[in-house]
Amino acid sequence: MSPDELGDGTRVVHAVQGGPGDPFGAQPVFASAFHLGGPDTYARSGNPTWRSLETALGSLEGGECVVFPSGMAAISTLLRTVLSTGDTLVLPSDGYFLSRKFVSEMDVRVVEAPTAGPYPSFDGVKLVLLETPSNPGLDVCDIAELAARAHDAGALLAVDNTTATPLGQRPLELGADVVVASDTKAVAGHSDVLFGHVTAASPELATRLRDARTLSGAIPGPFETWLVLRGLGTLDLRLERQARNAAALYEALSGKVSGLRWPGAEQDPAYLLAAQQMRRFNGVLTFELSDAAAVEAFIEKSLFVSAATSFGGLHSTADRRAQWGDPVPEGLVRFSAGCEDTRDLVADVSHALGLD
């Protein structure tokens, strides 16, 4: 069978293959210096554990991967590498707020557009950065169409694929030039590591990103890299349960809370496009309560849902996004469905919201 014919579970479990006598899965290599004559010299420029994870993620996304110690390290390195003074960047007005804050301090021209559009002309643009599904609103945009428009205008197109994951969406196959993600979320999946990566269709761009990583010292530790590699092996299983829980929660909450969004639901306004370009859905949904106090009361009453400002982990979490500066209603909740039993989670959330 060719790699493209393999199922997701097989691909993530066997993303890094060893041989006879090798351990199952790559192990962390902690050395800071290496005997010269091999591929590694000094640990700021190369590490075998990095390459194992880069090989795994690159094989899933169809490009050349470069790993970083956080999602922001990944996206900031991409922006600094691609953009020069005076260049024009298009990025989502409803995407991750720290990305917007970072570019506001760069000497570049920034044009913002909502994920669902409309988008401006890309003439004179150097880089188009998309985030689909967006965080936290979960809107979706057409990657293939926007990639074609960007390329016609001579621009590069990058996709923040954090919410979708490498199993949920393959932007490079849809025409994107770059994928960037925070692996702190679902890829690592256990709420115990900060991590990020960039995967480029162009080996030349990947080399530039790797050189920038070496020069800046924005390097991940080998143990953290190994944690992500270990978590990646169960991504398929975790996504399956998380998506099942999100679907059940969507059904239980429909018509009972406002602003309910999950692109995996046929009733969601993003569903048709999401189903066209996403391979599978995940456990992130959003809804609105009346205000901050209502969100706090919901979390306090729940047995299984914790307040946390991340998503994609084993535990179900709720994050009131307005507290971090997102331009959203005070009571908007980004809910990350974890891996609890579906029946238990739905019953708990329904009770905590007073819906039972």
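Residues are numbered from 1 along each chain as its sequence is written. As the model is predicted, local features were taken at pLDDT of at least 70 and side-chain atom pairs at pLDDT 80 or more, while totals for chains, interfaces and linings use all residues; side-chain values rest on heavy atoms, without hydrogens and water.

Helices (H or I, at least four residues) and strands (E, at least two) are DSSP runs numbered from the N terminus. Two strands are taken to pair if DSSP finds at least two bridges between them. An open sheet of seven strands shows mixed pairing and the order S1-S7-S6-S5-S4-S2-S3. Its edges are formed by strand S1 (64-68) and strand S3 (109-113), each of which has a single partner strand, so one side of each is left without a neighbour in the sheet. From one strand to the next, the twist averages 20 degrees.

Within this sheet, S4 and S5 run parallel and are joined by five bridges, with Glu131 opposite Asp160 in S5. Strand S5 (residues 156-160) also pairs with strand S6 (residues 178-182), in the parallel sense and over three bridges; Val159 has Val179 of S6 as its bridge partner. Four of the five residues of S5 are buried, so S5 is largely enclosed by the rest of the structure.

Axes are lines fitted to C-alpha atoms, for helices over the stretch in contact, and angles run from 0 to 180 degrees between N-to-C directions. Contact means heavy atoms within 4.5 Å. Helix H4 (residues 97-104) lies across strand S2 (88-92) and S3, at about 160 degrees to S2. Helix H7 (residues 203-216) lies across S1, S6 and strand S7 (196-200), and runs at about 15 degrees to S1.

Thr115 is located in the loop between S3 and strand S4 (127-131). This residue is buried, with a relative accessible area of 1%. Its side chain makes a polar contact (a pair of N or O atoms within 3.5 Å; within protein, one able to donate a hydrogen and the other to accept it, with residues adjacent in sequence counted only if both atoms are side-chain atoms) with the side chain of Asp94, at 2.8 Å. Neighbours within four places in sequence aside, the residues in contact with Thr115 include Pro92, Glu131, Ser134 and Cys141.

The other open sheet has five strands in the order S8-S9-S12-S11-S10, again with mixed pairing. Strand S8 (258-261) and strand S10 (306-307) are at the edges with a single partner strand each, so one side of each lacks a neighbour in the sheet. S8 runs antiparallel to strand S9 (residues 284-288), to which two bridges join it; Ser258 has Glu288 as its bridge partner in S9. Helix H9 (residues 235-253) lies across S8, S9 and strand S12 (332-336), at about 20 degrees to S9. Helix H11 (residues 292-301) lies across S9, S10, strand S11 (317-320) and S12, at about 165 degrees to S11.

Helix H2 (residues 48-61) packs with helix H8 (residues 222-232) at an angle of about 35 degrees, the axes being 9 Å apart. Among the residues that meet are Trp50, Leu53 and Leu57 in H2 and Trp226, Val228 and Leu229 in H8. By class, the contact of H2 with H8 has ten nonpolar, three polar and no charged residues, where Ala, Val, Leu, Ile, Met, Phe, Trp, Tyr, Cys and Pro count as nonpolar, Asp, Glu, Lys and Arg as charged, and the others, Gly among them, as polar.

How values were computed: Buried < 20%, exposed > 50% of the residue type's maximum accessible area, 1.4 Å probe, protein only.
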